[in-house]
Amino acid sequence: MQQSTPLQVLRLKAKADRRLRGGHLWIYSNEVDTKATPLKQFEVGEQVVVEQAGGKPLGVAYLNPNNLICGRMVSRDSAQLLDRSLLVHRLKIALSLRQRCFEQDCYRLVYGDSDGLPGLVVDRFYDLLVVQISSAGMERLKAELVEALQQVLKPSAILFRNDGKMRAMEGLDSYVETALGEVPELAPLVENGVNFAAPVLTGQKTGWFYDHRMNRARLQQHVAGKRVLDVFSYIGGWGVQAAAAGASEVLCLDASASALDVVEHNAQLNGVADQVQTLQGDAFDGLKQLKAEAEKFDVIVVDPPAFIQKRKDVRNGEQAYQRINQLAISLLARDGLLVSASCSMHLQRDRLVEIIRASSRQVDRQAQIIEQGHQGADHPVHPAIPETDYLKSMFVRILPSF
């Protein structure tokens with residue numbers, strides 16, 4: 001559907017269109033010609049036509065004039081705004097990728113900028129959709145989004161988990177709301193042939209983390225007959241899959257007692273309750289306790305939350321990654337496997353390699369990186385936006401020092 005009422009125009013400074021023409025979607029406030037088009041004239045969430053300095057239209061973006069990232073491109077056609085029709089089209093394109101890659105209807109259906117829908121995440125649990133909106137422009141389209149999701153997927157329930165940290169930066173309220181149907185406390189899903197239930201109403205983010213799917217599949221090849229420790233286990237994504245793949249014993253360590261209750265539920269779902277134990281507490285303290293008790297494990301997974309939220313956190317965050325990896329390595333058997341993961345976009349892959357090297361040498365062990373993992377196909381990387389490529393996992397053989 002074409003726009004009938006003319007949109008306001010946002011004019012860029014000279015040469016400020018280079019990134020956009022190269023495929024990027026973000027517009028920074030210091031790139032706007034504020035003499036020609038003052039940012040204060042725009043409403044939060046408003047869609048505008050973006051023009052280069054010479055007046056040539058570049059497409060349509062929605063704005064938040066109060067942010068450093070003040071605009072996000074939603075269309076390269078200056079006559080086509082993001083509406084219900086375009087939402088349906090983009091959702092169908094996103095769905096076609098997921099259906100091509102996954103047998104079960106359990107995946108991240110929409111991954112923000114990479115799927116041409118900035119500020120939107122949709123996770124699918126069969127016929128239940130859990131939606132997170134993190135931009136004011138997408139918040140304005142909430143009703144149209146619900147209609148588009150119903151048209152494309154015909155879900156039985158839609159839940160908005162609009163309680164993420166990014167919303168405050170956009171000046172948006174935090175809330176959890178059911179938009180359609182009835183949402184269960186635990187939503188079923190299958191990953192790598194293993195059954196899970198995710199606490200979509202109260203758990204972290206949308207209730208589940210689909211991004212490590214391929215890395216958890218890799219783990220299954222290394223755990224038969226092994227003693228496994230899953231640090232920052234949440235609801236057992238790594239640990240329960242390890243038990244289902246034949247691990248002799250799995251210990252899931254997490255600070256959340258309610259998450260560990262779901263670990264036990266998920267272990268029962270797969271008939272591995274006897275192999276899976278839980279330990280509630282801070283990860284660093286828990287590892288120190290296990291070390292004091294002279295425990296040893298064949299495989300240790302360290303998959304922490306983002307220790308580096310912003311660039312200013314890099315130094316302290318890298319120190320936290322080194323501390324946790326060093327503690328884990330000290331608990332590994334002579335020929336053990338460390339799976340070291342990071343979801344911090346600001347931690348570069350080569351820095352994680354260096355942290356693993358330094359951590360192993362600190363405890364007089366030798367590291368061999370045998371595999372490296374990335375995010376799955378339902379988290380596609382936008383080649384112009386490095387921030388969409390955030391997930392890292394290292395499979396590291398830890399030996400006595402050579």
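Guide: Let's begin with F102, which is buried, with a relative accessible area of 12%. (Buried means under 20% relative accessible area, exposed means over 50%, and partly exposed lies in between, with a 1.4 Å probe and protein chains only.) Y107 is buried too, and its relative accessible area is 0%. Before we go on, please keep in mind that this is a predicted model: local features need pLDDT of at least 70 and side-chain atom pairs count only at pLDDT 80 or more, while totals for chains, interfaces and linings use all residues. Residues are numbered from 1 along each chain as its sequence is written, and side-chain values use heavy atoms, with hydrogens and water left out.

Across the whole structure, a search finds 8 aromatic pairs. F102 and Y107 have ring centres 6.0 Å apart and planes at 25°, so this pair is stacked. (Rings of Phe, Tyr and Trp, the last by its six-membered ring, pair if their centres lie within 6.5 Å; planes under 30 degrees apart are stacked, over 60 edge-to-face, and the rest tilted.) A pair of aromatic rings is described by the distance of the centres and the angle of the planes.

Rings can also gather in a group: F232, F284, F307 and Y321 form one aromatic cluster.

The search of the whole structure finds 1 cavity of 30 Å³ or more, and about 50 Å³ of space lies in the largest cavity. (On a 1 Å grid over the protein atoms alone, a cavity is a set of points where a 1.4 Å probe fits but cannot get out; a pocket is an open set with protein on both sides within 12 Å along at least five of seven lines; lining residues have an atom within 4 Å of a point. Points are joined across faces, edges and corners, and a volume is the space filled by probe spheres set on them.) Among the residues that line the largest cavity are R72, Y62, C70 and E170. Strand 4 (57-63), strand 5 (69-75) and helix 3 (136-140) each supply at least two lining residues, with the largest share, 4 residues, coming from strand 5. (Helices, H or I with at least four residues, and strands, E with at least two, are DSSP runs numbered from the N terminus.) By class, the lining divides into 5 nonpolar, 4 polar and 2 charged residues. (Ala, Val, Leu, Ile, Met, Phe, Trp, Tyr, Cys and Pro count as nonpolar, Asp, Glu, Lys and Arg as charged, and the others, Gly among them, as polar.)

An open space comes next. About 200 Å³ of space lies in the second largest pocket, and the residues lining that pocket include R311, H346, Y390 and K392. Its lining has 4 nonpolar, 3 polar and 5 charged residues.

H212 is buried, with a relative accessible area of 2%. Leaving aside neighbours within four places in sequence, H212 is in contact with K392 and also W238, D303, A341, L391 and S393. (Contact means heavy atoms within 4.5 Å.) W238, in turn, is one of the buried residues of helix 7, where 7 of the 8 residues, from 237-244, are buried. Just after helix 7, G246 takes a positive phi of about 110°.

Let's stay with phi for our last stop. Most residues other than glycine have a negative phi, and most peptide bonds are trans. Y126, not a glycine, has a positive phi of about 55°. Y126 lies in the loop between strand 7 (120-125) and strand 8 (128-133) and is partly exposed at 27% relative accessibility. A294, also not a glycine, has a positive phi of about 60°. A294 is in the loop between helix 9 (283-292) and strand 16 (297-302), and at 62% relative accessibility A294 counts as exposed.
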